[in-house]
Amino acid sequence: MSGSKKNKYAVNETRTRIDAESIAQAFIDHLYYTQGVTLINSSINDLYLALSYTIRDRMLSSWIKASQDIIESKINTDYKLVAYLSAEFLPGPHLANNLVCLGIYEETKKAMEGLAIDLDELLNQEEEPGLGNGGLGRLASCFLDSLTNLLIPAYGYGIRYEFGIFDQDIHNGWQVEITDKWLRFGNPWEMARPELSQEVFLGGHTEAYTDKEGHYRVSWKPERIIKGIPYDTPILGYVDKNCNIMRLWKAEAMESFHFKDFNQGDYYAAVDDKVASETITKVLYPNDETIAGKQLRLIQQYFFVSCSLKDMIKLHFFRNEEIHTFHEHFAIQMNDTHPSITVAELMRILIDDYLLDWEQAWQMTTHTLAYTNHTLLQEALEKWNLELFRSILPRHLEIIYEINHRFLKEVSLKFPNDQGMISRMSIIDESGSRYIRMANLACIGSHHINGVAELHSNLLKDYVLNDFYRLTPGKFLNITNGVTPRRWVAVSNPMLSELISKHIGTTWINDYHHNIGKIEVLAKNKTFRKHWQEVKLKNKIQLAAWIKNRTGIHINEEALFDVQVKRIHEYKRQHLNVLHIVSLYNTLKNRPDLKIAPRVFLFGGKAAPGYFMAKNIIKLINSVGEVINNDPALNNQLKIVFIPNFNVQIGHLVYPAADLSEQISLAGKEASGTGNMKFGMNGALTIGTLDGANIEIREQVGEENFFHFGLSTDQVYARKAAGYHPMEYYHTNSRLKTILDQIAQGYFSQGDTEIFKPFIESLLHHDEYMVMADFQSYIECQERVSQAYIDQEQWTTMSILNVARMGKFSSDRSIDEYARHIWKTSTI
């Protein structure tokens, strides 16, 4: 129906009023008319859904206005629509965040209290979308929040995984993976848009031909065609100032049911296409150790990229624009290498579908795309077996060959005598089995390449992508990551938010970068420090109660909460943390009269299902905890808790309660880290190496407010170049030798000497992440932490200064830099 027709009916304003009485009435209406129940016979999920629909009603005006502004070109032509392509999004629970952004948290709480309903129970009922594995997905969601807050029109494009990252349980100390059925009770925040579906080709072959004008053309004859259905979720700005869209794609069959097969009794064939197609978006990151797993992962990446590009072009035409101006109105950011097939797909669309010549298509592609690299680990720079790639994307392989041919000619002209450089920069890896290097494709097809912390960006230029930097140094820049203070302070830490707002107003929530520093002068105020301590203690009491309920472990709320929550990986060195705990345990056993600041060590994070060593580390944490937590001689001075299934919602409890943030990766391995920022914004002090964004955090908060230890990146490279022998540390450090012997001899595994044998052998004979080399420095630094915590007034001052100086690490600052330096756009 045409939007130009006049409508004599107006939208009912009672569905958008934000006073407690109107919210309560709308809630009752949704309970009755949407859920089909009353307060008497409703379930907790009915109540949660009814409230979610009530709040969504109050978001829709912003959502619809933002969409209309984009579609009807009400945005100044100087602005570009940002398309953020990411294989992961971790938005976290929506309800609490939307209440804060709408500014109606208290009115909603009042409305629920009037109906004898506990709002917190409804908030806890929400299933968290498990659409990411960790920092990458959470960063993408922080960036969508900041894009909205800065009034930059944007779409976040990704995959609507039916089953997200697995739920984690701990059985006998081991990680057990459980299916994450996050959609089983429905998702009130999304809207399906089947009318905007897209078709995606897979497999088959290509046929060359000459068109009527005598131009060489290629036609792709696919083996399969699948359909992508978009599901839209509104991403609201603070105080209802704007709304952007997270558009996630679900795969479906072109024909979901074959009636002829069914009538002939072949019931499986009748739904074959449906099952095969829907498998594409079933699971986040399928196990890619098998050929089938690799195929599925490549198809996933291409599927959402193809759908997203076609969606953008459809929107472009809807705004009465021509295809040749596409790059003037869209800025596409590829979040890591997963979406890098975008380069070849955009070229295919422009050349094959819209019949542009190569030069024009390449000019448009390279003026549209930008690439964010998030890793220094070679295994994370994706490569695809060439024959596997050809079987799924035959036309794209031809395009990649042509891109590569033209690019290597350019390289050879500039560096004519460097065959090694040409070989390294080629998209095709010719060593052994032939592979397609997706990071190389992304670098070649992008107008900018950015790292996510100053150290990371320098290492990209000096090592990982050095050849590309030598060829086109102007492409490279750094934009340090950030996190949103709306989610990670205003939503997750309401008591601290209230304290800060009482003294400096609420502008820090909307403009953290420029306003949070106003609390620095309050660090000298004894009364303010006392209130700061009270807030921290209340947060610790809340977390302790949750831990007792979840794990059965009782912890001392006044102990130092020493926290390491992140993906379990050897380079993040959770095992170094464990070695310190055992060292402290041995010290207390040998000196029972020694008084220390009591400590609670909190761990959380998931190991990839096929990553044995990471799972072994989880088992070690729990095994050491089993011994220490049940040793009466310690008098509760030490406790260890592994928090199962750590996610955004649990992070709301953990970050506000932390005293010490463990950021202890080997220098030169962590691209940035964002957990360090969340902890810092909530008043935790950092113990860390000079890795990732730790360096910049230390610069901002002051060396005296940061506990630094370990080798620098240069020292790591030098020591490895000289020949690193971890066994030397075993023989020369008696404390370290004792700890490793205890673990090897079964002290923490009921006498079982086999269970941690791979762990011990890895440290003694390989130690890729130099745990042994950094051990002594880490122990000494932890002793400084213990001494500092005893002086609570000084510790609190340091905590306040950390928060006051964290302004740089707001994702609003990050997005502002992307807008100015990469996308060349600005706020509305």
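Me: Start with the helices. Which residues of α12 meet which residues in α15?
Reply: From α12, V343, A344, E345, M347, R348, I351 and D352 meet R395, H396, I399, I400 and I403 of α15. Contact here is heavy atoms within 4.5 Å. Helices (H or I, at least four residues) and strands (E, at least two) are DSSP runs numbered from the N terminus.

Me: What's the make-up of that contact by class?
Reply: The contact of α12 with α15 has seven nonpolar, one polar and four charged residues. Ala, Val, Leu, Ile, Met, Phe, Trp, Tyr, Cys and Pro count as nonpolar, Asp, Glu, Lys and Arg as charged, and the others, Gly among them, as polar.

Me: And what is the angle between α12 and α15?
Reply: About 100°, with the axes of α12 (residues 342-353) and α15 (residues 394-414) 9 Å apart. Axes are lines fitted to C-alpha atoms, for helices over the stretch in contact, and angles run from 0 to 180 degrees between N-to-C directions. α12 and α15 are therefore roughly perpendicular to each other, a label for 65 to 115 degrees.

Me: Before I go on, what are the ground rules?
Reply: The model is predicted: local features need pLDDT of at least 70, side-chain atom pairs count only at pLDDT 80 or more, and totals for chains, interfaces and linings use all residues. Residues are numbered from 1 along each chain as its sequence is written, and side-chain values use heavy atoms, with hydrogens and water left out.

Me: Sheets next. What is the strand order in the six-stranded one?
Reply: The order is β20-β19-β18-β21-β22-β23, in an open sheet with parallel pairing. Two strands pair if DSSP finds at least two bridges between them. β20 (638-643) and β23 (707-708) each have a single partner strand, so one side of each is left without a neighbour in the sheet.

Me: How many bridges between β19 and β20?
Reply: Six, in the parallel sense, with β19 covering residues 599-604. V600 stands opposite K639 in β20.

Me: Which strands does α35 lie across?
Reply: Helix α35 (residues 792-804) lies across β18 (560-565), β21 (660-663), β22 (685-688) and β23, at about 85° to β22.

Me: What about the antiparallel sheet with three strands?
Reply: That open sheet runs β13-β15-β14. Its edge strands, β13 (383-385) and β14 (428-429), each pair on one side only. Three bridges join β13 to β15 (residues 435-437), and W384 has I436 as its bridge partner in β15.

Me: Cavities, then. How many of 30 Å³ or more?
Reply: Eight in the whole structure. A cavity is a set of points on a 1 Å grid over the protein atoms alone where a 1.4 Å probe fits but cannot get out; lining residues have an atom within 4 Å of a point. A volume is the space filled by probe spheres set on the points, and grid points are joined across faces, edges and corners.

Me: What lines the largest cavity?
Reply: It has 13 lining residues, with P91, N97, D145, I235 and R487 closest to its centre. The largest share of the lining, four residues, comes from α6. The space inside is about 150 Å³.

How values were computed
1 Å grid on protein atoms, 1.4 Å probe; cavity = no way out; pocket = protein on both sides within 12 Å on 5 of 7 lines; lining within 4 Å. Parallel < 35°, antiparallel > 145°, perpendicular 65-115°, else oblique.
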